[in-house]
Each structure stands twice: as structure tokens, then as C-alpha cells.
Amino acid sequence: MSPVIKRGGDKFTLPSKYLLFILTILCTGLIAITFNTSVFNGSVNSVAATFVIPMQKGITTVSTYIKGLSDNLASIKALQDENAALRQKVDELTNENTGLEQDKYELTKLRELYSLDNQYSDYKKIGARIIAKDAGNWYHSFVIDKGTDNGVVVDMNVIAGGGLVGRITDAGPDWAKVQTIIADNSSVSATVLSASENLIATGDLELYNEGQIAFSKLVDEADKVTVGDKVVTSNISDKYLPGILIGYISTIEEDSNNLTKSGRITPVVDFEYMDEVLVIMQLKKTGE
Amino acid sequence: MRRFVFTFFSIIISFILQTTLFRYIDFGGIVPNLLMILTSSYAFMRGDKSGMMVGFFCGILVDIFFGSYLGFYALIFMYIGFIIGKFNKIFYPEHILLPLVLIVTSDFIYGFICYVLLFMFRNKFDLDYYMIHVIIPEVVYTALAAIFIYPILNSMNTRIEDYEQRSAKKFV
């Protein structure tokens, strides 16, 4: 009798340590493969879509409903409606304001050199509902209920409430995974509108509880950037469309190298209470 | 067969609850780690092999939806399931206290591994902050959830074991 395969009764059983060994190799192999390629995306996504997504959709609908019910009990419904309407108005105005400010900037600084013809309010967008959020507590990604069937593909930008939420990092037939800009592993190339200086906005778990994201590598020799300045996605970002509002600078400090500055940005999107998002159905053209 | 179906559905349901319902009743953005409760409980009740397999599938499910690389969480969950499963032979699973301690320990280890692999390797050394704001709250919330979930899993397990013994006797 071989030591590897024991005969237990009349069926074969594999000792657990060998099984552990096999599965470890399998996992390590999978990590190595997915690190370098994306061969599994299609098959794995469809498996997930058949089993899990329909149930997640259902439960999210029910819990949103129940939460809505309890909210109604807790507060007055009229106030809520009014709040929603006002919030929508604020979103609209924020959107419009960004557009206008950008127009102004464009007019005064660039006149007829070039025109920012594609503002994000003109892009074709599709609404999507958030059906699941990250299983762990480390990163902040979520799953939406639109996928490749609706034309959503990887790297499309996601916005909500007039500001940038993140981008699609994975897409199945009827679901897509969104990585948010507040996630600790995300970085966005951005521009300060007033000074047209570029910076890098990075999500940070330590700042997340304060509702802020960090920025760094801001070159601002003339000290033009001040607290409260608008930060939008930059032209040179290879994933994000230009001119999407990220937030406002809340603190700013000089780095020890005396060349660059870093600090914090308060995002316009309220990531805690986000139920619906908009996916911009246009990819950034990078000329590749 | 019955056991397989029950295990399969308990994994799927835990995952779905963790990503949907518990996201609505979170405390300060922290959700309990139901999948870790499941992995530890199965490992403790059924032994290292079951713990390992349940851990593997829980992890793979997290990987598919929220992981950057397929197999990363599967590996962590699987090893935790395997190690907790070693306690199966030493203790009886009826009393709640010991499984609870094991669940808490495994969730703590899970949090710590996540911190080391995902954050410390990226030069984020502020362990105190991550301990206080992520790992400890998650462990506490998980322990609270486990108090309610473990007895259910245990009674289901006993029921299935009875059923299996009865059907085994028929063939003797």
C-alpha cells in the first residue's frame, strides 16, 4: 500500500497534508498566473455571475428597502425627500460649476490654442446600482449591477454626485468591480484647476476615516495653490478622462525636499452613503 | 451529499450576507468576517481537511470578487482552516467558549497577515493605527457574530452527522 494514498474502507482518501500541499501549489500557481496575465477573467467571471450576482442583487434590493423603511421611521419623510431633491440640485450645480470654471480657465488661459471639447457632462453615461461592497475591511472596492452586456468594460471611469468615484477594474456579463479613489492601493494623476499644476492623489486607509485622500508630488514654485482649490483629473492620466472633479484641497505643506508639496484633498463624493453611481461610457484614448 | 449541499450554501450565503446585508449594519465601516467564522467553525467541527476545503472556497470567492490576484485570500483562508482543524482531535466542539477563542484568534491572524502582506510591504508601518481602526474592531465584531452563528452551524452539523450515521447503519 502506498503511503500517499490510503485505502479507507473501499474508497480512496488523500491525507490532508498532501491535499494542503497540492492546493498550496495550485494557489501559488494561480497567483503567479493572474499576476502576469488575465486569462482567467472570462471563465471565472461567468461562474461568479451565475451563482452569486443574482442573489446579491436581490438582497441588496431588500436591504435598501428595509433600510429605507427604518429611515422613514426615524425621521420625517418629507425632510428626506427635500434633502434628496436638494442634494440632487447640489450635484447638478457642482457639476455645472465645475464645467463653468473649466470654461473660464479655458477661455482666459488658452483662448484659441485648443478647446477642451469633451467635458464629462457631455459624455454618454449609464446609471448603475451598487450591489456588494468589499468583503474585507482593508480596501474599498464595490460591485455594480451593470457589466459587459451593457457595454461596460474595464478602465471606464465611475462618477457619483458630481465627482470621481473610481474606475472599473474587472467586468463580468452583468456585474463590474469598481476600485475607488479612496482605496489604499489607488493613485490618480490630477490637476489643480486654479494653478494648472499636476499632482498625484492617493487613497490612504489612515485618512479614510476623516473622509480625506492624500496628495503628493505637487510642484508649485510660485505658491499659487491654496487651501480650497479645486482638484480635477489631469490630462496626462492614462486611465481617467480629463476634467472630472475629485475634490478640494484641505491642507497643504512643503515636503522636506523643498521642491514638491503634499497634503490632503477632501473628495466631493460621500463614499459612505453611496447607492448609485454613473459609469462614463467612454475610455480615455492613450494613443497606444 | 447532504453535507456537501449544506456546506456549499452556507459558504455562498455567508459571502452574500457579508458583502450586502452586513454592509448596511456596519459599525464605522467595519464588517464581521463571516467567512472566517465559517472556515474556523468547520475546521473545528470536522477536522483539518474540511477546514482546508471550506477555507479554500471561501478564499477563492473573495478573490474572484475583490482580490487583485486569484488565490491570495484562498491561500490565507486555507492555511487558517488547516491549522484550526488540528484542534478538532483535541477538543469537543459542543461548548461555545473554545471555538469562540479559536475564531477570534484566526480572525486576528488573518487581519495581521493582511496587514503585513498588503500594507507593510508598501512601506506603511503605522501598525498601531491599523490595529485600532481595522483589525481589533473586526475581531470584536466577528466574535459577536460568532456567538450567534456558531451554535447554528454546530447544531446543523450534529443533525447531519446523525443522519449520516443512520443511513450508514442501514447498509450494514
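Helices (H or I, at least four residues) and strands (E, at least two residues) are DSSP runs, numbered from the N terminus. By this assignment, chain A holds five helices and 14 strands, whereas chain B has seven helices and zero strands. Both chains belong to a predicted model, in which local features need pLDDT of at least 70 and side-chain atom pairs count only at pLDDT 80 or more, while totals for chains, interfaces and linings use all residues. Residues are numbered from 1 along each chain as its sequence is written, and chains are lettered from A and ligands numbered from 1 in the order in which they are written.

The model scores ipTM 0.77 and pTM 0.74. For chain B the average pLDDT (the predictor's confidence in each residue, from 0 to 100) is 86, and 98% of its residues score at least 70. Where pLDDT is low, the predicted coordinates should not be read in detail.

Burial and contacts were computed for each chain. A residue is buried if 20 or more other C-beta atoms lie within 10 Å of its own, exposed if 12 or fewer do, and partly exposed in between, with C-beta atoms placed from the backbone. On this criterion 35% of the 288 residues of chain A are buried; for chain B, the buried residues make up 50% of 172. Two residues are in contact if their C-beta atoms, placed from the backbone, lie within 7 Å. Among contacts with a separation of 6 or more, residues 24 or more positions apart account for 57% in chain A and for 68% in chain B.

Chain A contains two barrels, described here through their strand pairing. Two strands pair if DSSP finds at least two bridges between them. In one barrel, six strands of chain A close in the order E3-E4-E7-E6-E5-E14 with antiparallel pairing. The twist from one strand to the next averages 45°, with axes being lines fitted to C-alpha atoms (for helices over the stretch in contact) and angles running from 0 to 180 degrees between N-to-C directions. Strand E3(A) (residues 125-133) is joined to E14(A) by five bridges in the antiparallel sense, and A:Lys125 has A:Ile280 of E14(A) as its bridge partner.

Strand E5(A) (residues 157-160) belongs to this barrel. In a regular strand the side chains alternate between the two faces of the sheet. In E5(A), A:Asn157 and A:Ile159 point one way and A:Val158 and A:Ala160 the other, and all are buried. Four bridges link E5(A) to strand E6(A) (residues 163-171) in an antiparallel arrangement, where A:Val158 stands opposite A:Gly166. The hairpin of E5(A) and E6(A) has two residues between the strands, and A:Gly161 takes a positive phi near 55°. E5(A) also runs antiparallel to strand E14(A) (residues 276-280), to which two bridges join it; here A:Val158 faces A:Val279.

The other barrel is likewise formed by six strands of chain A, in the order E8-E9-E10-E13-E12-E11, with antiparallel pairing. Its twist averages 40° from one strand to the next. Strand E8(A) (residues 187-192) pairs through three bridges with the antiparallel strand E11(A) (residues 230-233), and A:Val192 stands opposite A:Val231. Six bridges connect E8(A) to strand E9(A) (residues 197-202), again in the antiparallel sense, with A:Ser187 partnered by A:Thr202. These two strands, E8(A) and E9(A), form a hairpin with four residues between them, in whose turn A:Ser196 has a positive phi of about 45°. E9(A) is in turn joined by three bridges to strand E10(A) (residues 213-219), which runs antiparallel to it; the partner of A:Ala201 in E10(A) is A:Phe215.

Along the sequence, chain B follows the pattern α-α-α-α-α-α-α. Its radius of gyration is 17 Å, close to the 16 Å that the globule rule gives for 172 residues, so chain B is as compact as a globular protein of that length. The radius is taken over C-alpha atoms, and the rule is 2.2 Å times the number of residues to the power 0.38. The C-alpha trace of chain B spans about 60 × 30 × 30 Å along its principal axes.

Between the chains, 35 residues of chain B are in contact with 34 residues of chain A. H4(B) provides the largest share, eight residues. The chain B side divides into 25 nonpolar, five polar and five charged residues, where Ala, Val, Leu, Ile, Met, Phe, Trp, Tyr, Cys and Pro count as nonpolar, Asp, Glu, Lys and Arg as charged, and the others, Gly among them, as polar.
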